[in-house]
Amino acid sequence: MKGEDTGWGKQPRVLLQVRHPGERFVERAENEWPIARTTWQKFYLHPDDLSLRDDHSRAASLSFEALGEGVTFLTSPMRVDTEITGPLAAKLFVSSSTSDADLFLILRVFSADLKEIVYQGAIDPHTPIAQGWLRATHRKLDRKLTLPYRPYHTHDEIQPLTPGEPVELDIELWPTSIVVPAGYRIALSVRGKDYEYGGGSGGRLSNFKNELTGCGPFLHDDPVDRPEAIFGGKTTLHFGADRQAYLLLPVIPAK
């Protein structure tokens, strides 16, 4: 700003800290975001065995308590080390027993013995790989701004659900970067409430109301905002030929 040559112009346009299990980070420069060589890979949700696979699912439905822990879909062990770096998105087909539903999506990684891999977040010591949220009545997309890997919601219209009638939801998950080692598994949890780390509490800070249980102190649990009469009941995921639910991951091939 002062016309001084600070050398900033020589910095790479994108500088990553690529995560590895064990809180290990590897610095790497890239020229653009998302990375140009990204392979966008769809993992389809299969309700019969709660798996994530590259083939389409059969017609089925799967219900869970609308304010509950939901369901988790898991890949087979990764055959090779797999880097996931970039923005994430998911497509779901959802109905509710009421006029609305909140969806909480969590991208997770598990070791070969199914121990969850988490990291120190900005506040919470047990932060998952990525998270995303959507209230079903806010599902309307801006078609000009939406990209396959970045749904863009207008939030300018409330579209109530008809109980029992499925709707299509496109849900953004925060960008992330991690190398998933061979033998590890990737998972997607679809929940009706905030993520909770299963390996113990992260403690409580004196200036925060809530205990640190995986997603920091700011929770979506206000009964005024989420009255049980509307956000309770049952949430149902739908699958089939014209309802292929999937998780879209940015897989980065080695240079």
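Over the face of which ring does Lys42 lie, and at what distance from the ring centre? Lys42 lies over the face of Tyr246, 4.4 Å from the ring centre. The legends below describe a predicted model, in which local features need pLDDT of at least 70, side-chain atom pairs count only at pLDDT 80 or more, and totals for chains, interfaces and linings use all residues. Residues are numbered from 1 along each chain as its sequence is written, and side-chain values use heavy atoms, with hydrogens and water left out.

**View 1. Charges over the rings of Tyr246 and Tyr119**. A charge sits over a ring if NZ of Lys or CZ of Arg is within 6 Å of the ring centre and within 35 degrees of the ring normal. Lys42 is placed in this way over Tyr246, at 4.4 Å. Arg19 lies over the face of Tyr119, at 4.6 Å from the ring centre.

**View 2. Strand β3 and its partners β13 and β4**. Strands (E, at least two residues) and helices (H or I, at least four) are DSSP runs, numbered from the N terminus. Two strands pair if DSSP finds at least two bridges between them. Strand β3 (residues 39-46) runs antiparallel to strand β13 (residues 246-252), and six bridges join them. Gln41 stands opposite Leu249 of β13. With strand β4 (residues 51-53), β3 pairs in the antiparallel sense over three bridges. His46 has Ser51 in β4 as its bridge partner.

**View 3. Leu50 in the hairpin of β3 and β4**. The hairpin has four residues between the strands. Leu50 is found in this loop, and its phi is positive, near 55°, in a residue other than glycine. Most residues other than glycine have a negative phi, and most peptide bonds are trans.

**View 4. The cis peptide bond from Trp33 to Pro34**. Omega of this bond is near -5°. Pro34 has its place in the loop between β2 (24-30) and β3.

**View 5. The aromatic pair of Phe208 and Phe218**. The structure holds six aromatic pairs. Phe208 and Phe218 form one that is edge-to-face, at 5.9 Å centre to centre and 80° between the planes. Both residues lie in the loop between β11 (185-191) and α1 (228-231), so the pair ties together parts that are 10 residues apart in sequence. Rings of Phe, Tyr and Trp (its six-membered ring) pair if their centres lie within 6.5 Å; planes under 30 degrees apart count as stacked, over 60 as edge-to-face and the rest as tilted.

**View 6. A nonpolar surface patch of Ile123, Leu205 and Phe218**. Together the three residues have about 280 Å² of accessible area, by the Shrake-Rupley method with a 1.4 Å probe, where for residues only the protein chains shown count as cover. Phe218 counts as exposed, at 59% relative accessibility. Leu205, in the loop between β11 and α1, is partly exposed at 39%.

Notes. Buried means under 20% relative accessible area, exposed over 50%, partly exposed in between (1.4 Å probe, protein chains only). Patches are made of residues with over 30% relative accessible area and no salt bridge: like charges are joined within 9 Å, nonpolar side chains (Val, Leu, Ile, Met, Phe, Trp, Tyr) within 5 Å. A salt bridge is a side-chain nitrogen of Lys or Arg within 4 Å of a carboxyl oxygen of Asp or Glu.
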